[in-house]
Amino acid sequence: MNIAEDTLVPSAPNRRLVLVVRADPVICGHSGEARCLAEVALTRGFDDVRIVTWPLDALEAAGLPLKPLDRVLPYSPGITVERPDPVGDYRVPDGRYLSGLIGRLVELFSDGVPTVAMSLYLSPHAIAVQEAVQVARRIGPAQVITVAEAVGSDITNVVRECVNTGRFGAAAHILSVYLAADHCVAVSEYTRDLIVASAATLDGMHGTTFAQQCRERIAISYPAVDSWSYLSLTDDRIAETLARRGLSRDGYVLFLSRIASAKGVDDLIDAYAGSRSAERVQLVLAGRGPQEAEVVARVAAAGLGERVQVLTDVDDAEKPALMAGSAAFVLPTREQPEFVETFGIALVEKALAGGGPIITCATGGVPEAVGDTALLVPQRDPATLRTVLDEVVCDWTREQRAGAEQRARAYALQFDRAAVFDRLFALAQPPAVHVA
């Protein structure tokens, strides 16, 4: 079993938090959310905090975008990261890892320590937690409260897809697992509405009653962000970070997200090409993802090789400074069948960091993440994006920029990790007694 070093777990803990998630080094906003919740838990009476996740070889084999392993920020002492080894042999390749995860959770849940277990992503994490809780309650003095957090891809990749293809069983399974949790939360109002709508479609097809249960049970818990990493930036740190990348303050437009079709990076490249902004600032495309090669080819085809940098090795330590130093931050996210931006964690991080304004699209839960503090453009509309980009980069005054920065930061502070943690865990009261 792969366990993080430098942990300080008491031999007889009094209160445990277990977070089941795709954790670092995966490039994912909810990986960062789990880190934030874990760090706050240490200040809220939890003396055993564990992140239970997947072995590195499984993450690599899945093709997930990963941060540079040697630059992943360490967790605070007291947080243990566990990566249970697979169980079984090669004849059940996927199930081996899930069995290892469930088995370790059973061990953590059945030792009598009062535990809150939170899963981020329903499939497979909430499934693993629910399976483990059922076993632990049969074999030991389990004192476990479960919280299942649903994100957009749980619905777009699982429930909605199953509904569209007539796969009733898989959709019913994931909704049943979700509703079996003691507390059900979604990362935005949009996500909750998406879940209810998909459940209603399933109900209409098969006579189930998932939609009403979802309406009654799902609360909202916005993703937690470490605001201090952004608010504590100094001019010297920003300058040092930019110098290492050959950049200057306000000398570039930044895209920092997963490099995938749904993030609209190709729309940004098309908007930048031929813009007035391209004559004044560079374009920095930072991230990892399945479309890296396509993006590089698109930049070359547009003749922008000398004006565009593609950075695939940005780590968490330099991300805040890159955001703060940009002339504008652009995330032209767009709705696709397999993905909708159900919140927009990177947008909140950028708002906290300061710097130039945010330009994005009002898709999914983005309006909840930015309020009225960002410039919204239609999705899949490079021409309008070019116009707005040129306006903020070339025409805005210093006073306009400062005002936008202040409004965005003030709005984003509601997503500070301590405030989110306290709101979320106020919900996690002891559940009803389970009778065997």
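1. Pro25 has its place in the loop between β2 (16-20) and α1 (29-41), where helices (H or I, at least four residues) and strands (E, at least two) are DSSP runs, numbered from the N terminus. The bond that joins Asp24 to Pro25 is a cis peptide bond, with an omega of about 10 degrees. A cis peptide bond also joins Ser123 and Pro124, again with omega at about 10 degrees, and Pro124 lies in helix α4.

2. A word on how to read these values: this is a predicted model, in which local features need pLDDT of at least 70 and side-chain atom pairs count only at pLDDT 80 or more, while totals for chains, interfaces and linings use all residues. Residues are numbered from 1 along each chain as its sequence is written, and side-chain values use heavy atoms, with hydrogens and water left out.

3. The domain assignment of the protein chain gives domain 1 (16-225 + 419-428) and domain 2 (227-414); such bounds come from an automatic or database domain assignment. The centres of the two domains, taken over C-alpha atoms, are separated by 29 Å. Across the boundary, 26 residues of domain 1 are in contact with 28 residues of domain 2, where contact means heavy atoms within 4.5 Å.

4. From an unreviewed UniProt entry comes the annotation "domain: Glycosyl transferase family", which covers residues 250-407; UniProt positions are given in the numbering used here, feature names are shortened, and annotations may be inferred rather than shown by experiment. Over residues 250-407 the chain is 42% helix and 15% strand, and the C-alpha atoms at the ends are 19 Å apart.

5. Strand β6 (residues 144-150) is mostly covered, since seven of its seven residues are buried; buried means under 20% relative accessible area, exposed over 50%, and partly exposed in between (1.4 Å probe, protein chains only). Val144, Thr146, Ala148 and Ala150 point one way from β6, whereas Ile145, Val147 and Glu149 point the other way, and all are buried.

6. Which strands join β6? Six bridges join β5 (residues 115-120) to β6, and these two strands run parallel, while four bridges join β6 to β7 (residues 183-186), again in parallel; two strands pair if DSSP finds at least two bridges between them. Glu149 can be followed on both sides, as Leu120 stands opposite Glu149 in β6, and in β7 the bridge partner of Glu149 is Val185.

7. Tyr121 is found in the loop between β5 and α4 and has a positive phi of about 90 degrees although it is not a glycine. At 9% relative accessibility, Tyr121 counts as buried.

8. Asp250 also deserves a look, for it has a positive phi of about 65 degrees although it is not a glycine. Asp250 is found in the loop between α10 (235-244) and β9 (252-256), and with a relative accessible area of 36% it is partly exposed.

9. An open sheet of six strands has the order β11-β10-β9-β12-β13-β14, with parallel pairing. The edges are held by β11 (308-311) and β14, each with a single partner strand, so one side of each is left without a neighbour in the sheet. Two bridges join β13 (residues 358-360) to β14, and in β14 the bridge partner of Thr360 is Leu376.

10. Thr373 lies in the loop between α16 (366-370) and β14 (375-376) and, at 12% relative accessibility, counts as buried. Leaving aside its neighbours within four places in sequence, Thr373 is in contact with Arg407, Ala408 and Tyr411. The C-alpha atoms of Thr373 and Ala58, which are 315 residues apart along the chain, are separated by 39 Å.

11. How many disulfides does the structure hold? It holds zero, where a disulfide is counted as a pair of cysteine sulfur atoms within 2.5 Å. Cys361 is in no disulfide, and the nearest cysteine sulfur, that of Cys394, is 20 Å away. Both cysteines are buried, Cys361 with a relative accessible area of 1% and Cys394 with one of 16%.
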